[in-house]
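Biologist: Could you show me how to read a model of this kind, taking one feature after another?

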Amino acid sequence: MAFTPPYPPRPVGPLGLLANLRGFRRNMIGVWPVAHYRAEFLSFKLLRRRLFVCNSPDTVRQAFVENATAFERKSPQMRHALEPLLGDGLFVSDGAVWKERRRAVAPVTHVSRMAELTPVMTEVAGEWSARWRALAPGHEIDVLEEMAEMTAEIICRTLFGRRLGSDAARQIVRAFTAYQARIGQTAVAAMLRLPEFLCRIQPPGIHAEVRRIHAVLDRLIAAALESDEDCLVRAMAERGAMDRTALRNETATLFMAGHETTANTLAWSWYLLSQDGEAAARLAAEARGVLGGRPAGHADVDRLPFARSVIEESLRLYPPVPVLAREAVLPAKIGGRPVEPGSLVLVIPWLLHRNPTLWDAPDEFRPERFLGPPPARYSYVPFSLGPRVCTGQQFGLTESVIGLASLAQDFSLTLRPGHPVMPVSRLTLRPGEHLPMQVARR
Ligand code: HEM
């Protein structure tokens, strides 16, 4: 039986200015009125900035593929939040720097390297299985935290090599969490085009936090370059003429882009399965049939179609990056409408993935919708699209399928009774601050 997982109440009509500003700051997915979910294209002004929202395959393609150069710059809000930490890293840069870095970074997690990269995922999934097996029956865990730890282990061992990775994960997670807590959700000043000097104001203590993270990263990068183990840091260093600062910025970028996104995907999947016994049983049966108790490896991924469909449906309902925002740097047109430089162009997976003109029962959890032909082009964009599409798409999908299937064959998770779950848009879309669930052996 399909069920409808939670979403914030949808205003019936457009919100007033203050409510909109508050909404953008607190939870960006909650500000969109019912009618906007089916709109193809929206345009409105928020204080001094014009915003365009593309919400149909055609307008999405025009904005992020056809006019990718005019709209390649990340929003001021995103740059403001991440530049202190990532510097000119791929995720926030544009122009010549972005092009050069993309050439050095994208190949290191390319689909052709998946067979080399999956053993670490399998190893960590096996360790997590042993860890959950050692828990007392009915033990409660915070699934959000567990999945964050698991994906941090995977990305750190991949970035720095197995020997350095474990220790690195603990240090880096602590440092990044502190940064995110300080930076908060949005830099509304930058988004609204308030004067430059107001936009540059950062929360107190942020620079000390960044210095701490950079020191940890510099130490790990130096050790990874001296070690003889293959790892992404070495692969990037060998590919491009990157100095140590560039290498640090790209290492921070890969950790940040690849850690919480995948952790949230897995946490949401566990939540959705906990509310749909039939889907959970089907997944467990598929995983047990293919894996027979061992953790999944590279060759298993294609033999786990239902596990993949649960991940894909979870990415549709709760895209970890719910808003893709760009600042126009050149004049261009979308749907025949002129878009002036300085405007914000948004593709909002949260809206697009729930557009009732594109999806049947868009608010329901129906993983089997991904078992058939793929969704219409440009209607499903959890990894973005166009030249700036996520470079870690295969890595993130593979890691999610391996993690979920390896654990779901042996364990079922039950949400703490009465615990409220509601998606909240922070830097990523999370099921609140905690997700307490009991672990039971199947
Ligand atoms: C389920 C997991 C993941 C999701 C949903 C996801 C989603 C995204 C999205 C939506 C973007 C574009 C953001 C924008 O346009 O504003 C992006 C960019 C990026 N992602 Fe991922 N990602 C995931 C996993 C990963 C992993 C595992 C890595 C690396 C190992 C990674 C590396 C990157 C990088 C480097 C960029 C910047 C690309 C550029 O600007 O050229 N991601 N990701």
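**Reading a helix, a shell and a core**

Modeller: Helices (H or I, at least four residues) are DSSP runs numbered from the N terminus, and the expected span of a helix is 1.5 Å times one less than its number of residues. Helix H6, residues 143–160, has 18 residues and should therefore span 26 Å, which agrees with the 25 Å between its end C-alpha atoms. This is a predicted model, in which local features need pLDDT of at least 70 and side-chain atom pairs count only at pLDDT 80 or more, while totals for chains, interfaces and linings use all residues. Residues are numbered from 1 along each chain as its sequence is written.

Biologist: How many residues of H6 are buried?

Modeller: A residue is buried if 20 or more other C-beta atoms, placed from the backbone, lie within 10 Å of its own. In H6, 16 of the 18 residues are buried, and just after the helix Gly161 takes a positive phi of about 100 degrees.

Biologist: Which element gives the largest share of the shell around the ligand?

Modeller: A residue is near a molecule if its C-beta atom, placed from the backbone, lies within 6 Å of it. Here 26 residues surround the ligand, with Ala257 and Gly258 among the closest, and H12 gives the largest share, seven residues.

Biologist: Which residues have the most contacts inside the largest nonpolar core?

Modeller: Such a core is a set of buried Ala, Val, Leu, Ile, Met, Phe, Trp, Tyr and Cys residues joined through C-beta atoms within 7 Å. The largest has 124 residues, and those with the most contacts inside it are Val233, Ala267, Ala307 and Ala405. Its largest share, 15 residues, comes from H12.

Technical notes:
Helix = DSSP H or I, 4+ residues; strand = E, 2+ residues; numbered from the N terminus. Buried ≥ 20, exposed ≤ 12 C-beta atoms within 10 Å, placed from the backbone.
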